[in-house]
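Visitor: I am new to this structure and would like a close look at a single part. Please show it first.

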Amino acid sequence: MELKSINLQEKLDKFSEHWSPKIIAQMNGYHFKLLKIHGKFIWHNHDDTDEVFIVIKGEMSIKFRDGMVKLKKGELFVVPKGVEHKPSAEKECEIMLVEPAGTINTGDIGGDLTAEDNVWI
């Protein structure tokens, strides 16, 4: 076992694409994923799991059919499983997701924004 900390900024500096989660750690079947977002994502949900959004840098919002939550650096929000949501960021925002291994970023919707799964950095 390698005893080494993970520097979030070093990992974020290794990629530039948006809406493409990169795995940095695993714990009890959960992945910790870093990603950069900009613009609007698609409406989607995850029927089998909650999804944790943690803002590392910048600001973002998550729209719901009945409201919206805004997040800034140092804040987190848990989207309950099965709840349809649409993340967005007016300017580039760096975030971490915590979700079960194998969770697809677009849920069951699919499409052009579906990121490749199991990409580690």
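Visitor: How many residues lie between E1 and E2 in the hairpin, and which residue in the turn has a positive phi?

Guide: This is a predicted model, in which local features need pLDDT of at least 70 and side-chain atom pairs count only at pLDDT 80 or more, while totals for chains, interfaces and linings use all residues. Residues are numbered from 1 along each chain as its sequence is written, and side-chain values use heavy atoms, with hydrogens and water left out.

Two residues separate E1 and E2 in the hairpin, and Asn28 in the turn has a positive phi of about 45°. Strands here are DSSP runs (E, at least two residues), numbered from the N terminus. Strand E1 covers residues 22-27 and strand E2 residues 30-40; five bridges pair them in the antiparallel sense. Two strands count as paired if DSSP finds at least two bridges between them. Within this pairing, Ile23 is opposite Lys33 of E2.

E2 is also joined to strand E7 (residues 85-100), antiparallel, by ten bridges. There, Lys36 has Glu94 in E7 as its bridge partner.

A salt bridge means a side-chain nitrogen of Lys or Arg within 4 Å of a carboxyl oxygen of Asp or Glu. Lys22 counts as buried because its relative accessibility is 7%, whereas Glu17, at 35%, counts as partly exposed. Buried means under 20% relative accessible area, exposed over 50%, and partly exposed in between (1.4 Å probe, protein chains only). In the whole structure, the search finds four salt bridges.

Key. Helices (H or I, at least four residues) and strands (E, at least two) are DSSP runs, numbered from the N terminus.
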